[in-house]
Amino acid sequence: DTGVSQDPRHKITKRGQNVTFRCDPISEHNRLYWYRQTLGQGPEFLTYFQNEAQLEKSRLLSDRFSAERPKGSFSTLEIQRTEQGDSAMYLCASSPQGTALTKNIQYFGAGTRLSVL
Amino acid sequence: DAKTTQPNSMESNEEEPVHLPCNHSTISGTDYIHWYRQLPSQGPEYVIHGLTSNVNNRMASLAIAEDRKSSTLILHRATLRDAAVYYCILRVNTGTASKLTFGTGTRLQVTL
């Protein structure tokens, strides 16, 4: 399977703990996005990388959240001192450099579901 | 991004066509109309997009009103596997990539 891969699929943690999620984009996709989705809502944008550069961050991304893409391939999203309000599905997407037609299509992973107790 | 309005839910019988509407009265001339869908327990999946002309692909058809203030996603023969939340999204196709701004979408139920 050459789609976007996210690990883990599920994470249960206690309030105050740190968690880290990993996203492996489709090979050679230079753009990578993180979104958060709560129950009954559409995904909300968190941050975006082009290669290793983080080019945009949402105001939703508080100082407890940090994302990296050190070599322009996989990315990690870390949440420090988790709170119950952080419980959500965290989705990763990637898109190619491609043509005008293809580069604006985003391919999503299945997500990591976080439950903070 | 300009706002879109979709019905919260729709129902269809299997094997019948489904027309999913989207209103986007504040669309600008450079906004493309994108549709994604999200099956249960999966991430969103690209369906189709267009600017002014109607578009067809293997998954669906997109019909765009002449004034571009509304569009309709058409599934020609709904199957149980088409049960999902369908999102209509406007975005500018520029040289730089941009985020997707999702609304709450339309939940499509397909019954036998």
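This is a predicted model: local features need pLDDT of at least 70, side-chain atom pairs count only at pLDDT 80 or more; totals for chains, interfaces and linings use all residues.

Residues are numbered from 1 along each chain as its sequence is written, chains are lettered from A and ligands numbered from 1 in the order in which they are written, and side-chain values use heavy atoms, with hydrogens and water left out.

In the interface, 22 residues of chain B are in contact with 22 residues of chain A (heavy atoms within 4.5 Å). The rule finds one salt bridge across it (a side-chain nitrogen of Lys or Arg within 4 Å of a carboxyl oxygen of Asp or Glu). Lys99(B) pairs with Glu56(A) in a salt bridge, with the closest N and O atoms 3.0 Å apart.

A pocket is an open set of points on a 1 Å grid over the protein atoms alone, where a 1.4 Å probe fits, with protein on both sides within 12 Å along at least five of seven lines; lining residues have an atom within 4 Å of a point. Each volume is the space filled by probe spheres set on the points, which are joined across faces, edges and corners.

| Pocket | Volume |
|---|---|
| Largest pocket | about 540 Å³ |
| Second largest pocket | about 270 Å³ |

Of the 12 residues lining the second largest pocket, Ile105(A), Tyr46(B), Val47(B), Asn57(B) and Met59(B) are the closest to its centre. The largest pocket has 27 lining residues, and nearest its centre lie Gln37(A), Gln38(B), Pro40(B), Ser41(B) and Arg107(B).
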